[in-house]
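This briefing concerns the structure shown below.

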Amino acid sequence: MAELNVPPRRPRDDRGWDGPHTPRPDGYRDLDAGPYGGPHAGPGYAAYPAAAGPQGGQWVGPEGFAPAGYAPTPNPGLPNLDDDDEPRTGRRRALVALGGAAVVAGGAALAMSSQVRGIFGGGPEAGDATGTVATDGTAARPSGQQPSTVRTYTEQNESYMGSRAGAALKRNSPSTGRVFASPAAAAAATRVTVKTVLAKDPIRHLASRATFGATPKVLADIKRLGIDDWLREQLEPEKIAPTKAELKLAELPSLKLSPTQLRDQREQLNERGVDPARETVDATIARQIWSDRQLFEVMVDFWNDFLHVAADFDGGENYRNAFDRDVIRKHALGSYPEMLVAANKHPALLLYLNQTDSRKDAVNENLARENLELYSVGVDGGYTEKDVRQAALLQTGRGVADGKYKFFPERHYLGKVKILGFSHANNSADAAAADKVIDQYITYIALHPSTAGYVARNLATRFVSDTPPKSLVDRLAKAYTTNRGQIRPVLATLFRSSEFWAAVGQKVRRPMEYLVATYRTLGVGPEASAGFQGDDRRTPFAQGLRQIQDKLRELGQYPMGKPTPDGYADVYLAWTSAGTMVDGWNEAGTLIAGGRQQFTYMKPEKLVARPPATAGAYLDALALRLVHQKLSAREKALVLDVAGVSASTKVDATFNGAIAAVARTILASPQHHLR
């Protein structure tokens, strides 16, 4: 069935993405030296040759170069390719010098005509970018066309769910529901009617969805506090004390350094084997495994996929940790509009999507497009190619200098814009005023009704089902709109909805979640095993986290890992791989055996405090300890067969020598794979 799960090829897949997938060898170079702060030199920057033929340039749009001889229809109010005074060399894919015109290759690019450049040079006098003439170079993307009409599916998750297997999953999902006064009331009143191997226990269900994996402590805390108070506590993570592992994050030396400090200390950090971007990932993994602020960490992971900036990008070593701290974590349970505004003024996003290369006479559309398609309204949100182009013009001027965000008014397009109903004269040459207009636009799209629906659908997909019911999506979207993008009220509505409590067994853990849940349920500790000998450069804790990250890379998913801006898919069909599953099981076997000595382990024969004397009863107790419910009779028989015993066989604490194999088999069960 694997071939059914491959998403159809979409036109955008051929558009290319104007950004590197891996760091350059000179990863610590000064990122402020660029086409606006000094020329780029060194490997990785190749200039495109000048095109032969008549002067006037060749248009570059979302699908690449336009056919020879193409030129947009002239319009005095719109930017056109024309002469440029001097060619420029840009970052990553360079600026293209074709027929004397400067064009940014990659995401759709524009260049201003000499007439419009003259206007800019004269001061605050502005143009008008709201005309109706198509200005990109492909017939497939005319000015008024909605981007989703050139796609087979609306967005990434749906591209997988559009298969026949996806249709089958949809039939097993709750179709509708209602909202209750409290999460506990919703849990008590909701019946689980879909077929699932998971226990229909609301406490176990909540622990599986609102954390990175249930543990005896989490289950005990929910029972002690009650569902409502436990959720209330989780929604106030600042009041939850850091765990021992979180305190040990001080052993990762780059975490507290600013981008400027990281740049200035790059040689010392290199000598110590410190990679700041990878340490950001290490710290995230540690928090997922050991933090008591579990719902907060789940939401950090959600936003890292939704508002995605890869760790391994050219600049991640200096800026990704600051983006994690100052954008994602700062706003994860707060205001999404504020998060999106902060992201659009952060060097990490500006560099990742080439906004630092975008200026009034050479406009790069990458960030403008992803702000609409991925970070706000979604590809079906109602915007057109013309909206993308006008947004790209409006957002010019934003850049990075000396490791910090800076607005450059001389690079900013002045002129009327209209984007998805947002309109502004945009005619002020004052830097603060022009920058404020962009913030107003970002806030506008973050509060757009389509954004409310898009965020709601993604949250429902994360917490409820690969095919979330429309009733829940609409309810969450209303909560988002009513509360002006505040996330806590949206989550409160989600947990008060019957659709959440009815969706037991409707989510499958992705590879990272499976491995993190395995560490959690086995009670792996952050301290080193007795006698472990590390090296002189990094502590055992830091070494162990790096080994976990390397294993997650092998499995194909790790925090901030996807190189492209769309983040990881959050549906089961995107991750169906026998090889990945077996690799995860092997890692579970390694942990049961205490194989990563940088950490401490509970011996498998100690997982159950008082092991019963017969194999069947012992297996029941071990299943309750590891997957928090008993196995079915059929599953129980299969596991006993692995041990070579019957249910009535007398066994000792080691399961007659088979305890590791039995525990590993339980962790390979559907009960551990389901979220």
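A residue counts as buried when its relative accessible area is under 20%, as exposed when that area is over 50%, and as partly exposed in between. With a relative accessible area of 12%, Glu 246 is therefore buried. The model is predicted, and the structure holds 40 salt bridges.

**Salt bridges between separate parts of the chain**

- Glu 246 meets Arg 293 in a salt bridge, with a distance of 3.8 Å from N to O. Because Glu 246 belongs to helix 8 (residues 244–247) while Arg 293 sits in the loop between helix 11 (276–290) and helix 12 (294–306), this pair ties together parts that are 47 residues apart in sequence.
- Arg 263 and Asp 402 form a salt bridge in which the closest N and O atoms are 2.7 Å apart. Arg 263 lies in helix 9 (residues 259–264) and Asp 402 in the loop between strand 8 (398–401) and strand 9 (404–407), so the parts tied together here are 139 residues apart in sequence. Arg 263 counts as buried at 12% relative accessibility, whereas Asp 402, at 46%, counts as partly exposed.
- A salt bridge also joins Glu 297 to Arg 329, with the closest N and O atoms 2.9 Å apart. It links distant parts of the chain, since Glu 297 is in helix 12 and Arg 329 in helix 13 (residues 316–331), 32 residues apart. Both Glu 297 and Arg 329 are buried.
- Salt bridges that share partners also build one network, whose members include Asp 301, Asp 305, Arg 462, Asp 466 and Arg 675.

**The buried face of helix 28**

- The buried residues in helix 28 (residues 659–667) are Ile 659, Val 662, Ala 663, Ile 666 and Leu 667. Viewed down the helix axis they fall within an arc of 135°, so they line one face of helix 28.
- These buried residues pack against several helices, among them helix 23 (511–521), helix 25 (578–592) and helix 29 (670–673).

**An open sheet and the helices on it**

- Three strands form an open sheet in the order 6-10-11, with mixed pairing. Strand 6 (127–128) and strand 11 (422–424) are at the edges with a single partner strand each, so one side of each has no neighbour in the sheet.
- Strand 10 (residues 415–419) and strand 11 run antiparallel and are joined by 3 bridges, and Phe 422 in strand 11 is the bridge partner of Ile 419.
- Helix 17 (residues 385–394) lies across strand 10 and strand 11, at about 135° to strand 10. Helix 18 (residues 431–446) packs on the sheet and touches strand 10 and strand 11, its direction making about 170° with that of strand 11.

Technical notes: Residues are numbered from 1 along each chain as its sequence is written. This is a predicted model: local features need pLDDT of at least 70, side-chain atom pairs count only at pLDDT 80 or more; totals for chains, interfaces and linings use all residues. Side-chain values use heavy atoms; hydrogens and water are left out. A salt bridge is a side-chain nitrogen of Lys or Arg within 4 Å of a carboxyl oxygen of Asp or Glu. Helices (H or I, at least four residues) and strands (E, at least two) are DSSP runs, numbered from the N terminus. Buried means under 20% relative accessible area, exposed over 50%, partly exposed in between (1.4 Å probe, protein chains only). The arc is that of the directions from the helix axis to the C-beta atoms. Contact means heavy atoms within 4.5 Å. Two strands pair if DSSP finds at least two bridges between them. Axes are lines fitted to C-alpha atoms, for helices over the stretch in contact, and angles run from 0 to 180 degrees between N-to-C directions.
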